[in-house]
Amino acid sequence: MSLELQVCTVMLVVIAHGFVLGVEWFARHRSVKPVFSVPEPPGQRAREIRNSWLTTPIHAALFFTLAVSGALHTAPETASVAVGTFLLTFLWTEVWHYASHVAMHTKALHFIHKEHHRSRVTDPWTSVSFSLLEKLIFSLGILGFLALASRWCELSLFGIFAYYVLYFFTNALGHANFEFRKPGYYTRFMGRVFNSPTYHTLHHARYIKNYGLMTPWLDRLFSTEWPDVPEVQTRAASGAPLTRLTERVARDTTRIQVVKVPAR
Ligand SMILES: [Zn+2]
Ligand SMILES: [Zn+2]
């Protein structure tokens with residue numbers, strides 16, 4: 001058992017809580033732009049914290065078990081293998097998350113996902129509040145695929161670890177109920193490729209659509225994206241949060257035109 005594997009596993013156990021606490025501290029001590037100005041029901045944060053102790057070590061436990069048993073075979077580390085592994089993990093997780101998430105919104109499988117959806121107004125702790133079964137299915141889908149892939153191609157321990165670090169960080173931000181991107185984000189290149197916190201916040205508030213994780217590609221392909229995401233993002237980022245969970249924003253009515261006035 002390598003020292004690298006032990007260090008990565010320990011970091012995966014603690015890092016999600018580190019990001020959650022960091023994002024929560026930022027939201028409380030900095031002037032942030034909420035997506036919804038709706039109070040959380042009493043007891044939500046305490047429930048999410050309770051769930052987190054049970055579910056956050058799942059990724060680390062599976063990562064360690066598959067690696068130490070040899071089921072997930074990793075190659076000697078090189079920069080190209082690490083980058084390739086990171087990209088493969090990123091792309092596969094987008095597909096796996098979308099497919100499993102849509103499946104868990106069906107009546108038959110909703111019992112797996114309903115604990116996560118008890119939080120309609122999200123906060124950073126929502127990002128670590130799941131049923132044990134949901135976290136197990138999500139992580140097994142990622143690491144099981146990588147274990148299979150490792151039979152045919154070289155994979156990097158650090159590439160997988162780096163992906164999980166990105167996942168925990170963006171997931172804490174994605175549930176933080178504040179928008180840190182500038183108004184009009186979805187009209188720019190980055191906004192066409194990557195989601196901002198508004199995206200998943202709307203999924204919790206409205207329960208359906210916006211199933212994607214870090215990107216909107218699959219929601220666009222299967223027409224499951226809320227059409228007013230750009231308008232809600234612009235409103236939130238402009239300091240005018242939505243005041244009801246059921247509120248919709250008409251298209252083109254709130255877009256902010258950023259006009260540069262030429263210097264005289
Ligand atoms: Zn959902
Ligand atoms: Zn969520």
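**Zinc sites and beyond**

Author: Happy to! Let's start with the zinc ion (ligand 1): its protein donors are the NE2 atoms of His-101, His-105, His-113, His-117 and His-203, at 2.1 to 2.2 Å. Keep in mind that this is a predicted model.

Reader: What spacing do the donors of the zinc ion (ligand 1) follow along the chain?

Author: The pattern is H-x3-H-x7-H-x3-H-x85-H. Within that set, His-101 sits in helix H4 and His-117 in the loop between H5 and H6, so this pair links distant parts of the chain, 16 residues apart.

Reader: Is His-101 buried or exposed? And what about His-117?

Author: His-101 counts as buried because its relative accessibility is 4%, under the 20% limit. His-117 is buried too, with a relative accessible area of 9%.

Reader: Nice. Which residues are the protein donors of the zinc ion (ligand 2)?

Author: Those are His-116, His-175, His-200 and His-204, each through NE2, and they lie 2.0 to 2.1 Å from the zinc ion (ligand 2). Their spacing along the chain is H-x58-H-x24-H-x3-H. His-116 lies in the loop between helix H5 (110-113) and H6, while His-200 is in helix H9 (residues 197-206), so the two tie together parts that are 84 residues apart in sequence. Both His-116 and His-200 are buried.

Reader: Why is the site of the zinc ion (ligand 2) irregular?

Author: The angles among its four donor atoms run from 94 to 152°. For reference, the ideal angle for four tetrahedral donors is 109.5 degrees.

Reader: Switching topic to aromatics. How many aromatic pairs does the structure hold?

Author: There are 14 aromatic pairs. One of them is Trp-92 with Phe-145: the ring centres are 4.3 Å apart and the planes meet at 15°, so the pair is stacked. It links distant parts of the chain, with Trp-92 in helix H4 (residues 79-104) and Phe-145 in helix H6, 53 residues apart.

Reader: Which rings are linked into a cluster?

Author: Ring pairs connect Phe-86, Phe-90, Phe-138, Tyr-163, Tyr-164, Tyr-167, Phe-168 and Phe-194. Phe-161 is buried, at 12% relative accessible area. From Phe-161 to Phe-86 is 8.4 Å, C-alpha to C-alpha, although they are 75 residues apart in sequence.

Reader: And salt bridges, how many are there?

Author: The count is seven salt bridges. One of them joins the side chains of Arg-206 and Asp-228 at 2.9 Å, N to O. Arg-206 is in helix H9 and Asp-228 in the loop between helix H10 (217-221) and helix H11 (229-237), 22 residues apart. Both Arg-206 and Asp-228 are buried.

Reader: What else forms a salt bridge, say with Glu-247?

Author: That is Arg-235, with the closest N and O atoms 3.0 Å apart. Arg-235 lies in helix H11 and Glu-247 in the segment after H11, so the pair ties together parts that are twelve residues apart in sequence. Both Arg-235 and Glu-247 are buried. There is also a network of Glu-24, Arg-28 and Arg-45, joined by salt bridges that share partners.

Reader: Last one: which residues form the nonpolar patch on the surface?

Author: Leu-109, Phe-111, Leu-133, Leu-136 and Leu-140 do, with about 420 Å² of accessible area together. Helix H6 (residues 132-149) supplies the largest share, three residues. Leu-133 is found in helix H6, and Leu-133 is partly exposed, at 38% relative accessible area.

How values were computed: Residues numbered from 1 in each chain as written. Chains lettered and ligands numbered in written order. Predicted model: local features only at pLDDT ≥ 70, side-chain atom pairs only at ≥ 80, totals over all residues. Heavy atoms only, no water. Patch = residues over 30% accessible without salt bridge, like charges linked within 9 Å, V, L, I, M, F, W, Y side chains within 5 Å. Areas by Shrake-Rupley, 256 points an atom, 1.4 Å probe, with all protein chains shown as cover. Salt bridge = Lys/Arg side-chain N within 4 Å of Asp/Glu carboxyl O. Helix = DSSP H or I, 4+ residues; strand = E, 2+ residues; numbered from the N terminus. Buried < 20%, exposed > 50% of the residue type's maximum accessible area, 1.4 Å probe, protein only. Donors = N, O, S within 2.8 Å, 3.2 Å for Na, K, Ca; no water. Tetrahedral: all angles 85-135°; square planar, octahedral: opposite > 155°, others 65-115°. Phe/Tyr/Trp six-rings, centres within 6.5 Å; stacked < 30°, edge-to-face > 60°.
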